[in-house]
Amino acid sequence: MTSTTTTPYRPSTAKRAQIWLANHFAMLSAILVLLYLFLPVAYTFAFSFNDHGKTNIVWQGFTWEHWQDPCGVPGVCGSLVTSLQVGAISTLVATVLGTLMALAMVRYRFRGKQASNVLIFVPMATPEIVMGAALLTIFVQGFSNIGLSLGFTTIVFAHIMFCLSFVVVTVKARIQSLDPRIEEAAQDLYASPMQTFWKVTFPLILPGIAGAAMLAFSLSFDDFIITNFVSGNESTFPKFVYVASRRGIPAEANVIGFSMFVIAVLLVVGAQGVSSLRANRLKD
Amino acid sequence: MSALAHVAGDPDVTPAPPAPEATKRGWTAYLLLLPGALWLGVFFVLPLVQLAAVSLQSRYPGFPGYYYRDVNFQNYAAALTDYAPHFARSFLYAGLATFLAFVVAYPLAYAMAFKAGKWRNLMMICVIAPFFTSFILRTFAWSQILADEGWVAGTLNFLNVLPGGNIINTPLAVVAGLTYNFLPFMVLPIYASLERADPRVIEAGGDLYANGFTTFRTVTLPMSMPGVLAGTLLTFIPAAGDFVNMELLGPQRGKMVGNVINDQFLAIPGGYPVAAALSFTLMAAILVMVFLYVRRFGTEELV
């Protein structure tokens, strides 16, 4: 851009600093925001080493103890297993049901489409506490008559419900972004509708489905408000932490919370690495 | 709200060249829709109908905690008169938190969309990953960070800018907690809509001698409006119904409506009808706000 014949413009140091700051302002503030997001995670990590007494609030000294036996506190690992099971089952069901709904909503014209849109949207615009309260009343006053009492099953039913709309919206966006000409081409080449779907459409929307499943799992895994209403005596990890917070959260919960964070990051980074490797191999 | 797709980390969602027309007709659509719609019917609509019925029940005179089926709007009157301050606080704190989240989220979303380059995916992971530490653990961590003996309160007190002398157990801490907890729901939709914007359009603003701020106000911000809209809704709605931040960070008195509903349901015997009326009032208020807001600022189909 600069021509070599003119003498190069040398701004003063202050001016250069100002230009550098202007260019990097967005990135610098973004890094600050990310640090802000991680600050409580760092606290959780640090206090997992706290040699605490009854409550784990003030720093009292370093210990490996909690990392050596994270299940040492009664209930903490049981609640984690429950959370993982609930997350797995509700993610699976919500992803399947939601993907089917998304296909219907994008690819078909039918009576009642507007009503279906509202049915999908309203759960996302309803505060969790209202959904939890509504589910509690129906579970206690209605479904208990048919032998369904509060516990694992009711948690799973509720989680599938609130994950469903988010799956539909996510998968729908993916289907809408597909070029319909690709499918038309498959049909022109005498693929049956079933073949077109499984060989062409499905692989193309798979990243959207995977993203939706990830979202559903993280929503389910971190849910407390609805779970608290419908869980009865069953405990999930967030519920365990909340109940424990009245007496003092044991550092073992910090160990587990921080480990889940690290595992999630590693899994996602790993999955992205694999998919970019695959993409590179396709290019070759 | 297709901007939501990015909450799930699907970076490939871009508008299709020619919009695929929904041309297929027939019964297949109903078959595809049926299982999910049935699920939402049984576990969303039906419970709300039951909640509505509960909210209209009447007290048995002489039997505290017992109610009978009725059509009685007394509970709504009680909900609106006794708990009006709680509603006001919920909407005020949620509104403040939404605004603050917008201010904090925008630079991050902007940097992710235009400046991050190859770091984009990593930044996206960084935004979502804290979810896995459990928001209750993180909120508890905030109660440590903001505690009176902590460095935040210490610094602010040293600078003499903290009126009451403490942050924890004040509404300020509640707003801070709400802002923090729902921040990712603001970042991701804004990022999604900025990412779809053409950076050359923004450069054109600069070429036409608009300064940075004018370019932002007249070009960048309008282009990201669908994301801002989705983000503010996804932040405001859960914040208005939240009770955990108030419970862990807030004062003993002056609770939000979410705390009242939670206590009425789970701690006070026979509290169901008033709690049900409160829930419905909260939901109706939010739906009306969402409707007006989307009518005023909506730029695209919401779902």
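I began with confidence in chain A of this predicted model, and among its elements I found the lowest mean pLDDT, 83, in helix H7 (residues 180–188) of chain A, while helix H3 (residues 76–107) of chain A has the highest, 95. I then looked up chain A as a whole, which averages a pLDDT of 87, with 96% of the residues scoring at least 70.

Next I turned to the domains. I found chain A divided into domain 1, which takes in 22–72 + 251–284, and domain 2, which covers 74–249. I looked up how these two parts of chain A are placed, and their C-alpha centres lie 26 Å apart. I saw that eight residues from domain 1 of chain A and eight residues from domain 2 of chain A make up the contact.

My last entry concerns the two chains. I found 89 residues of chain B in contact with 88 residues of chain A. Looking for the elements that give two or more residues to the chain B side, I wrote down several helices of chain B, among them helix H1 (28–55), helix H3 (84–115), helix H10 (225–241) and helix H13 (272–297). The largest share of that side, 18 residues, comes from H1(B). I also noted the kinds of residue on the side of chain B that touches chain A, where 68 are nonpolar, 15 polar and six charged.

Conventions:
Residues numbered from 1 in each chain as written. Chains lettered and ligands numbered in written order. Predicted model: local features only at pLDDT ≥ 70, side-chain atom pairs only at ≥ 80, totals over all residues. Domains from an automatic or database assignment. Contact = placed C-beta atoms within 7 Å. Helix = DSSP H or I, 4+ residues; strand = E, 2+ residues; numbered from the N terminus. Nonpolar A, V, L, I, M, F, W, Y, C, P; charged D, E, K, R; others polar. pLDDT = per-residue confidence, 0-100.
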